[in-house]
Amino acid sequence: MTASFRPHRRRTALAAAAATAVAFGLLPTVVAPPAGAAGAAEGFRVQLVTVDTPNRAAKALLSGLGLDMTEHAGHDYVEVVLHRAADAEALRAAGLTWNVRIPDLAQRESEINTANRAYAAATQESPLPSGRDTYRDLADYNDDLGRLAAIRPDLVKKFALNHKSLEGKTVYGVEIGHNVRAAEDGRPVFLMMGVHHAREWPSGEHAIEFAYDLVKNYGSDDRITNLLKKARVVVVPVVNVDGFEKSVNDGQLIDLRSVDDGGTASILATPGNAYKRKNCRIVDGQAPVAGECALVSSPGGFGAGVDPNRNYGGLWGGPGAAAEPVQATYRGAGPFSEPETQNIRELVSTRQVTALITNHTFSNLVLRPNGVAPDTIGPDGQPIGDPPDEAALKDLGDRMAAQNGYTSQHSWQLYDTTGSTEDWSYNATGGFGYTFEIGPDEFHPPFPKVIDEYLGAGEFAGKGNREAYLIALEHAVDARTHSVIAGKAPAGATLRLKKTFATPTWSGAIKDTLDTTMVVGAGGKYSWHVNPSTRPVVKAKQIKVISSEPLKRETFTGTTLPAMPTDKEFTVDRAADVFEVKLDWPTPDDLDLRVFRKNADGTLTEAGSSAGSVGVKERVFLENPEQGTYVLRVENWASVAPSWTMTAALFDATERTEGGLIENWTLSCEKNGKVLQQLPVIVDRNQQVKADLGLCAQKWTTG
């Protein structure tokens, strides 16, 4: 078995691609310049910079500039790729400040390639399950998926997704499980994905390494063997095949060493498409012509394409998804307008996916739904609220993050997103969904870093994302985390669960259908692991109702000069359900409010903040506050110093349930496509129900 998993090196494809590109004039034929001298024709070096965004107004301002924003952001910063001098000028003209973190991405890419070559030359077999020692290109992924199926055809099935890419490429995945080629038998499905965003190479590596891990250890590792007897695992390592091909091919061709130092004479002297984010949609509604995606005029390809992770139907078109094609988070012409999202939609809609992970880079985060803050007013005029499964979502996120050292948090705590994978999948199906942001500081770091993130390093050695993924798979098979429909039916009968409903977008709704099947085994008994019949998006919301009279209230007044914050102290000296701080001022200026808890050693820990747009009054709302001293900080980002009034108060609160629907599955019992019986089934999470299919049995011999 071990010999079958030895790494195979595929070095010729990129060299052939480089020669072809040079021959057809797609890449420059140049002698590599001295280190650090590369840049665009205008002399600007493509950079990764950290832009200061101390409040929501600054983030909104940055978002409107049409620059290449990364997914690495915090309370007071967003990292941005500057492709040209005009990008830096746009920041400057907007009054935004920034620090340069990687001054020349072409040079950095060349350094990474040099390090990767050295590691591969010195490594016969890496500690990864596949033994791989360098990044894969698209052909490598397709080869490896086929190789897995060839190694264990009883365990692995390679399949093509329904929609080819805009450039006509087939997107492949594998299904892994005991007796995988048998008919669907009611086991739950765990879905693992990578490379929604083209430049995020480690996301695909981790997805396919997990597939190798399962296949290699089935039969020898009791934990993995038992999991694959209870579940089917679907892995799609590269969702965005067009964009990834451009990114990895350009990135691996960069070599800025001089020829005397072993560099090549035919190179890509700038990052090219190495940092491309989106897919290959150039004009909405039209497929690109041959070569158009690679040669489109926008620097690095960031201005062309649709962001697949803003194109899903759930809350499509809301905050954090741009309406303008030039922007990095362009949402597309409509929900599910792109083949990449259509593929995943159909994959999830035709299987009972009880858990999924979509991998991205970078930020060392485990993100859970929802994509917008709970107090955001949604398209129905009501607060979005927390997911009904928030406690369980957080628990699983925390347990996974404990294995890799990442931060477990809501997606909206990074920044607002709508139209993302879990925005749709969780709210449409109830299956738990998470985004992993892999690695601390680069889109595609040196390959040994990818190994460390997967297997764990330092205090997380032997854990890492591998262990986090296994915990997610254990969740997917645990009947307490989903639902079960059980009973008796004729052997060989096809059972079908189906429902059609309206999925809300930010401006309307789209029609969604979930349609899954299983085949009853020889014994006539079945047990079908499914998601709950009622979708999270329509379940009842728990709303806190604050008492009208406060338990304690203090009012502060003052004037805060620009860039000179004012601090006030407030003591929470009794048990309370809510601690609310409001900041008001009479003029349309920009004040922000931050609340800190004062520790025993005098240091401060941030407990909450509010940073709205200019003129928007600020409010911090903390539930079940710890007793102790709090520092209330007023920050002024305006050019004048208005007088303000701040009120801090403690309240009791009660909870009430608002709204909520109960939905049912429609269960059909079929023979050769003919429906013999149909009945509604209502089943909740952590519940098993029996479905009476006696009528189907009666009709079976005559149907």
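**Sheets and helix packing in a predicted model**

Let me begin with an open sheet of 8 strands, whose order is β5-β6-β8-β7-β9-β12-β10-β11 and whose pairing is mixed; two strands are said to pair if DSSP finds at least two bridges between them. The edges are β5 (156–160) and β11 (407–410), each of which pairs on one side only, and neighbouring strands of this sheet are turned by 20° against each other on average, direction ignored. Angles here run from 0 to 180 degrees between N-to-C directions, and axes are lines fitted to C-alpha atoms, for helices over the stretch in contact.

Residues are numbered from 1 along each chain as its sequence is written, and side-chain values use heavy atoms, with hydrogens and water left out. Helices (H or I, at least four residues) and strands (E, at least two) are DSSP runs numbered from the N terminus.

Helix α5 (residues 138–151) touches β5 and β6 (172–176), its direction making about 140° with that of β5. Helix α6 (residues 201–217) touches β5, β6, β7 (189–193), β8 (232–236) and β9 (353–360), and its direction makes about 140° with that of β7.

Now to another open sheet, in which 4 strands follow the order β15-β14-β27-β28 with antiparallel pairing. Because β15 (509–519) and β28 (674–681) stand at the edges with a single partner strand each, one side of each is left without a neighbour in the sheet. Strand β14 (residues 494–504) and β15 run antiparallel and are joined by 11 bridges, with Pro 504 standing opposite Ala 509 in β15.

Which strands pair with β24? One is strand β19 (residues 566–572), antiparallel to β24 over 7 bridges, where Glu 569 stands opposite Val 631. Another is strand β21 (residues 591–598), also joined to β24 by 7 bridges and running antiparallel, where Leu 593 faces Val 634 as its opposite residue. Strand β24 itself (residues 628–636) is mostly covered, since 8 of its 9 residues are buried, buried meaning under 20% relative accessible area (1.4 Å probe, protein chains only).

Turning to a helix pair, helix α13 (residues 447–455) and helix α14 (residues 464–477) pack at an angle of about 40°, with their axes 2 Å apart. On the α13 side the contact is made by Glu 453, Tyr 454 and Leu 455, and on the α14 side by Gly 464, Asn 465, Arg 466 and Tyr 469.

Finally, the whole chain: it has 15 helices and 29 strands, and of its 703 residues 55% count as buried. Among contacts between residues at least 6 apart in sequence, 77% join residues at least 24 apart.

Key: This is a predicted model: local features need pLDDT of at least 70, side-chain atom pairs count only at pLDDT 80 or more; totals for chains, interfaces and linings use all residues. Buried means under 20% relative accessible area, exposed over 50%, partly exposed in between (1.4 Å probe, protein chains only). Contact means heavy atoms within 4.5 Å.
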